[in-house]
Amino acid sequence: MAIVFNSVDKTYTLTTKNTMYQMKVDECGVLEHTYYGAKMDYMDMHYGVECVYGASFSPNPADYPDEKWAYSYNALHQELSCAGIGDFRLTAMGVRNGDGSFGAEPRFVSANIEKGKYSLSGLPSFYGDDADTLVVTLKDNTNDVYFHLYYGVFEEYDLITRSVVVENKTNCSIKLEKAMTLTLDLPTGSYDMVYFHGRHTRERMLERTSIKHSRISVASMRGASSHMENPFVVVCDKNANEEYGSAWGIGLVYSGNFLISAEKNLQEKTRVVAGINPENFNFEVEPNGKFTCPEVAMVYSDSGFAKMSNSFHKAIRNNLCRGKFKNAMRPVLINNWEGTYFDFNADKLVAMAHEAQKMGVELFVMDDGWFGKRDNDRCALGDWTPNEKKLQGTLSELAQRINNEGMKFGIWFEPECISEDSDLYRAHPDYALAMPNRAPQVSRNQYVLDFSRKDVVDNIYNQLVKVLDSANISYVKWDFNRHITDLYSVALPADKQGEVYHRYMLGLYDLLEKITSKYPDILFESCSGGGGRFDMGMLYYMPQVWTSDNSDAIDRLKIQYGTSFAYPVSTMGAHVSVCPNHQNARVTPLKTRGNVAYFGTYGLELDVTKMTDEEKTEIARQIKEFKKYYELIQRGDYYRLISPFTPDESLYCAWETVKPDGSEALVCAVRYETDACTAPEYVKVKGLCPEKKYRINGGDRVYTGSALMNIGFMLEYDFFSYPSRLYHITLA
Ligand code: DGJ
């Protein structure tokens, strides 16, 4: 059993293949966090976090143990930290009681160990019968406010998940002014935080900073996890890198406003909190009501980032993504967006499908512009009625024409938004989020629908069902092209407006659950102006995400590299597009565009009818090659070999996927800088068997696995811009 209670020490110890997490009920009933790190033999690890001295100006709880002057909420390592009761550090929970007082002192009530993984009502979460669950119930020592702490333990993946359910058993409403899921207290030491910032077309850029005594945060208040910050961080030792040092990966299974914050405190210890962003959040919990905090997923690695990433990759692929596509070979698709934008009709699309099918493409996706009178981005969102003039017939007839070309048919939606110039807005202006007497902000000429309202969600659900039932549709791209402002729902009273952001997410998740379960044979791809909502929450409903609106192979190196810290290759939408590239005008070899897109879902995003015969032959070759390596790429262990974020150290970016038994590997190297008299560059391979012999691309030289891992091999030189190569390493 991965969860063990020691009744003498009053400890609960969670154990995975390589890690251990421990908590202890102390003499006052506080649930103290004693350890999270490498797996060890059992002992009560409380001595490692004891507060004996050094907690000056830290108040003691009324019932603190005699002579323990440093016993303070401000110094204790806690599993659940609450504001208002003398913990001046970052805290997770803020409870406004019915009498107006602010604070709670959670004390142990009971605990339960269960087989299988808990699930969360209305929220995405990891799942699995093989996992184990611990539920610890704490209660405020004054009021009947309960905190049920949920822990999920996935032994195989070193994954530990957490959630908190707050239950109000008092006879008046309470308000949660803060309901963050995670408190993680790390012992004395110096740590860094690695995080992934960005903007549209430049998502998940890696940055690293020290955790010092001032608070650092990554956060979103955009109503979506956003391009600008990702709800995933790595807290790590100062010297940690891909293969050395302690690294704690922390990700939120949530797609809305979030906050992950860390600080070093007065005892030189580090606290991390993570959850819903408390700004403009205020949630009422009525008597006998409950509030569920979104899940946090954590992986600890004692040997750097690569091990941590691989654990997340496997867990996300197998125990977060759902449905028949999660591990199936996904169809190679072509999307018409960059090929036509809004300027198409059915004949044009069919001509593209005709050409694409000859190269081996399997699915044609019709992007934005097929509904209402949408010939530009100023109108029609909300009117999900096919434009039969543009489609030169019904949607079903178009799908049939595409099917006749030997291809499946897919379609784009942006269900959460509404144009002012739409029939839906004219009929129901109140469906859009807008504050009373204040003109709402427009963004991409559109508003956001009030998904906190069931009637609004139902309207969109019915429209989607009508379209999806009307034609042979095999794929849906679910887009979201602006962020939320003007947060106000006409359906809620003034004192509940602080609930709207989270209620929006609950409405969205409800719709996604209903649609994805009604259409299990449709492949869903999530998108938000590219990678603006690339998070574990969306991956629960849709197994792939359009990684970025930037399809330039060289910019994609950084984007896909950053994304790979948490998210597996199988989740990253990646397409070959035209040159000069539409986002940055760069010209790259078609082969390089293909090689980079292989390490994602590989597809096309260009007008194939304008390609030369030579280009078409190259795409046909790529599709064959991609399929040949599909299993290895999608299910192999993934290693980042040379970072694109360190151009002063290397001209290359390189990465690798290797079979878990070390019998076969594929290395991809792309040169993104150019230099005269270039020095030879070597790349060291990972994950091979040291004693076995290998060849590269079937060449004559035989290498031992240990030589390839310790010396590496020399990257071949090409005298042109942005070359790339695949190195297929097989047993000799
Ligand atoms: C943003 C997406 O990321 C693009 O791929 C495309 O679907 C456009 N929206 C369409 O409006």
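**Strand pairing**

I looked up strand 36 (residues 693-696) and found it paired with strand 39 in the antiparallel sense over 3 bridges. Pairing here requires that DSSP finds at least two bridges between two strands. Strands (E, at least two residues) and helices (H or I, at least four) are DSSP runs numbered from the N terminus. Tyr694 stands opposite Leu731 in strand 39. Strand 39 (residues 724-731) is also joined to strand 34 (residues 664-671), antiparallel, by 7 bridges. There, Cys668 stands opposite Leu726.

**Basis**

I note that this is a predicted model, where local features need pLDDT of at least 70, side-chain atom pairs count only at pLDDT 80 or more, and totals for chains, interfaces and linings use all residues. Residues are numbered from 1 along each chain as its sequence is written, and side-chain values use heavy atoms, with hydrogens and water left out.

**Salt bridges**

I count a salt bridge when a side-chain nitrogen of Lys or Arg is within 4 Å of a carboxyl oxygen of Asp or Glu. The structure holds 52. Arg162 forms one with Glu79, the closest N and O atoms being 3.1 Å apart. This pair links distant parts of the chain, 83 residues apart, with Arg162 in strand 9 (residues 159-168). I checked burial (buried is under 20% relative accessible area, exposed over 50%, partly exposed in between; 1.4 Å probe, protein chains only). Arg162 counts as buried at 1% relative accessibility, and Glu79 counts as buried at 0%.

Asp637 forms a salt bridge with Lys314, the closest N and O atoms being 3.2 Å apart. Asp637 is in strand 32 (residues 637-642) and Lys314 in helix 1 (residues 304-319), so the pair ties together parts 323 residues apart in sequence.
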